[in-house]
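Student: I would like to learn how to read a ligand site and the fold around it. Can we work through one example?

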Amino acid sequence: MSLVKLDQVHKYYGDFHVLKGIDLDIKAGEVVSIIGKSGSGKSTLLRCINGLEEYQQGGISVDDKEVTSEDIQVRRLALSVGMIFQNFNLFPHLTVGENIMLAPTIVLKKSKAEAQTIAKAMLEKVGLGDKFGSYPEKLSGGQQQRVAIARALAMNPKVLLCDEITSALDPELVGDVLKVLEQLAKEGMTLVLVTHEMNFARDVGDRVVFMHQGKVWEEGNSKKLLSDPETEELKQFIGAVL
Amino acid sequence: MLNFSDLLPYTDVFLGGLATTLQLTLLTTVLGVIVGTLCASIRQYGNKPSQRAVAAYVELIRNTPFIVQLFFIFFGLPSIGLLLTPWQASVIALTINLGAYSTEIIRAGLSNIPKGQWEAAKVLGMNFRQTLVRVVFTPAFEKIYPALTSQCIIVMLGSAVLSQISVQDLTYAANLVQSRNFRAFESYVVTALMYLGLAMLMRYIFGLIGKRVFAFREAS
Ligand SMILES: Nc1ncnc2c1ncn2[C@@H]1O[C@H](COP(=O)(O)OP(=O)(O)O)[C@@H](O)[C@H]1O
Ligand SMILES: [Mg+2]
């Protein structure tokens, strides 16, 4: 059964046609990597899936519920779709623990004690059990990104969208974040990641979607697609990033 | 010859004036910042008509003298049936004045918050009000806190003109004393020093509050 479904989605920024008829079907538990050149529409695609951007034609549904960018709807969607950003977007004035507890307490109306238990468990999961009381700016980029993952997980999402979440990190910190993602994948979390980490896409991902000029240019099993691309554009892209 | 001891019999007058200025300042600083916060939020996030209304208010207040605003409220409003005591008129005038100036200051802080903070809150399911209060306000105020502190002090100093509508504040006390003992130089030196002390006290208190509220910057 598909968890995320896009049906002929078209998106315009003014006159600019960004997404040109995207079809995509993501099953629960799948790990899908979206690759492609800068400007090909990858971020826009993710942002349409959780309603951060509106689209003009076609349909998107998550967990059989239709996605629109109406405010109320986006917030309902937030209960099943988590998102991690390239620059973490932690709340600087809240401790790591408070960052994670905020939405569970004020959105899900959990008690403080309950939220705290969840926050601690999620921090353990991302390997930062000792950082509960620290402020974000005291953490490395890699640690901040793992806190962001813990914060998203605390809402118990069905699917996690990750937009180049290792791109802003120093190379030596990328591994820690990818390890967390790999662990999540093993536990059966549905992941949709825009990424430049080809090794990760091949080894951990189930499927690769190659975007080009606002279209799904080529997609398929990750190992096969990356080792044996069909289109000239994907060949070129792989040649350029490897 | 200078003679400061001639002021001693008027100690109570000075202290009374000081207390009045302190009370007015405390009350209107709180009210003014609340007005400024509300108006800044509307100016930044409200719909077009309400944005324009706030902009008009801010421009009106920032481009007219405070004493004219005060006289309008105290002497002008009674002619449309709104009779106010000097104290009430003062509180309103000071609040409106600080509200307008702090609107612009606070708005600068709000507009400084990265879009990513709003998006992060949104994808966590938080609504507008929750995001504004729990996510945006603290970092926004941190950025503009020094400017806001200075503005509050400026308004406190500006409250000296309230003596013109016979509010018995610190300046009123100085006027009264020097008219009685003809020690103008001494009276105004002492008064100036008291204002200076008040300004320093405000800076100190704002500093203490800021240290607590914005502790996340230095803390471990
Ligand atoms: N808010 C926006 N307004 C106008 N154009 C935009 C906006 N966001 C992105 N674009 C344009 O849409 C195209 C796709 O952007 P994006 O989805 O960010 O690509 P990618 O993530 O693949 O690099 C780019 O050409 C970009 O300039
Ligand atoms: Mg992008």
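**Reading the ligand site**

Tutor: Start with a polar contact, a pair of N or O atoms within 3.5 Å; within protein, one must be able to donate a hydrogen and the other to accept it, and residues adjacent in sequence count only if both atoms are side-chain atoms. Here a polar side-chain atom of Tyr13(A) sits 3.3 Å from a nitrogen atom of ligand 1. The model is predicted: local features need pLDDT of at least 70, side-chain atom pairs count only at pLDDT 80 or more, and totals for chains, interfaces and linings use all residues. Residues are numbered from 1 along each chain as its sequence is written, chains are lettered from A and ligands numbered from 1 in the order in which they are written, and side-chain values use heavy atoms, with hydrogens and water left out.

Student: Which atoms lie 2.7 Å and 2.8 Å from an oxygen atom of ligand 1?

Tutor: At 2.7 Å, a polar backbone atom of Gly39(A). At 2.8 Å, an N or O atom in the side chain of Lys42(A). The protein covers 60% of the 560 Å² of accessible area that ligand 1 has on its own (Shrake-Rupley method, 1.4 Å probe).

Student: Which elements give two or more residues to the shell around ligand 1?

Tutor: A residue is near a molecule if one of its heavy atoms lies within 4 Å of it. Helices (H or I, at least four residues) and strands (E, at least two) are DSSP runs, numbered from the N terminus. The elements are strand S2 (16-27) and helix H1 (42-49) of chain A. H1(A) gives the most, with three residues. Val18(A) and Ser43(A) are among the residues that surround ligand 1.

Student: What are the domains of chain A?

Tutor: Bounds come from an automatic or database domain assignment. That assignment gives domain 1 (1-80 + 158-235) and domain 2 (89-156). Their C-alpha centres lie 24 Å apart. In contact (heavy atoms within 4.5 Å) are 13 residues of domain 1 and 14 residues of domain 2.

Student: How many helices and strands does chain B have?

Tutor: Eight helices and zero strands.
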